[in-house]
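Visitor: Please show me the model, and let us then discuss it in questions and answers.

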Amino acid sequence: MEDHIADRSDLRGDCERCFGLCCVALPFAASSDFAIDKPAGTPCSNLQSDHRCGIHAKLRPAGFTGCTVYDCFGAGQHVSQVTFAGQDWRTAPREQARRMFDVFPVVRQLHELLRYLTEALTLPAARSLHPELRRALARTEDLTHGTPEQLGALDVGAHRQDVNELLLRTSELMRSGARGRKKQRRGADLMGARLKGADLNRADLRGACLIAADLTGADLRGADLIGADLRDADLTDADLTGAFFLTQPQVNAARGSGSTRLPESVVRPVHWAAGL
């Protein structure tokens, strides 16, 4: 179990083992993130017959920034290779293909929960909750291995709520040593906020809207960033050491630099070096 928790490479997207499900199952809306409208269940016009993106090397200049920051947390290869045992949607009966597209976002949510639960089990401050976290992890793992019919009928929202309550308790333990008053910014609308150099040490930023916020030089050490919208947020010189429940898609959507300090759970996006 410990080795499984330490690795979790299965919670990272592996496009080589997927049939381009995110490019088919999910809808696009023409915006700053996507250059076109695309309904759910319809292949993106850039998706090739080998399930590769025809413009992968130029997604950003072509107006598909949303594709470059997306990650399925390994749901794509799980649905492709495990749930449907390697059945390609292109050759599957229409009804089965539709089931694949319906199941994919459900498994994606479950894999995202696995990502949070796995991280929670590495947090020493939450040690008292580790038995409950392990049970929740095992339960979520079991759900991902359901049949297409079981996954289609799953009330994933109810399961998310159960896990979220446990993650909230984890967050309280992690932030219990915050200086001064607890910084409660949960769900706050901070779009475009000027937070340069702000003291957000161990702040609760769960679900906060930080789109295009200026967080240059901000102290985000030990902050809870689960579900925070960091699209175009400027993290130049910011310190996110020890920030938790921060995912790679969130970091990819933000702007930063070589001086941005990140937690070990994520890597510095390549496009930061290019100033994109």
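Guide: Helices (H or I, at least four residues) and strands (E, at least two) are DSSP runs, numbered from the N terminus. This is a predicted model, in which local features need pLDDT of at least 70 and side-chain atom pairs count only at pLDDT 80 or more, whereas totals for chains, interfaces and linings use all residues. Residues are numbered from 1 along each chain as its sequence is written, and side-chain values use heavy atoms, with hydrogens and water left out.

Visitor: Is His130 buried or exposed?

Guide: His130 has its place in helix H6. Buried means under 20% relative accessible area, exposed over 50%, and partly exposed in between (1.4 Å probe, protein chains only). Because its relative accessible area is 10%, His130 is buried.

Visitor: Which residues is His130 in contact with, leaving aside its neighbours within four places in sequence?

Guide: Contact means heavy atoms within 4.5 Å. With those neighbours set aside, the partners of His130 are Ala120, Leu121 and Leu123.

Visitor: Are H6 and H8 roughly parallel or roughly antiparallel to each other?

Guide: Axes are lines fitted to C-alpha atoms, for helices over the stretch in contact, and angles run from 0 to 180 degrees between N-to-C directions. The axes of H6 (residues 130-144) and H8 (residues 156-174) come within 11 Å and cross at roughly 155°. Angles under 35 degrees count as roughly parallel, over 145 as roughly antiparallel, 65 to 115 as roughly perpendicular and the rest as oblique. H6 and H8 are therefore roughly antiparallel.

Visitor: Which residues in H8 do those of H6 meet?

Guide: The H6 side consists of Glu132, Leu133, Ala136, Arg139, Thr140 and Leu143. Their counterparts in H8 are His159, Val163, Leu166, Arg169 and Thr170.

Visitor: How many aromatic pairs does a search of the whole structure find?

Guide: Rings of Phe, Tyr and Trp (its six-membered ring) pair if their centres lie within 6.5 Å; planes under 30 degrees apart count as stacked, over 60 as edge-to-face and the rest as tilted. By that criterion, the search finds four.

Visitor: What kind of pair do Trp89 and Phe101 form?

Guide: Trp89 lies in the loop between helix H4 (75-83) and helix H5 (94-120), and Phe101 is in helix H5, 12 residues apart. Both Trp89 and Phe101 are buried. Since the ring centres are 5.8 Å apart and the planes stand at 65°, the pair is edge-to-face.

Visitor: Which residues form one aromatic cluster?

Guide: Phe244 and Phe245 are each buried. The cluster consists of Tyr116, Phe244 and Phe245.
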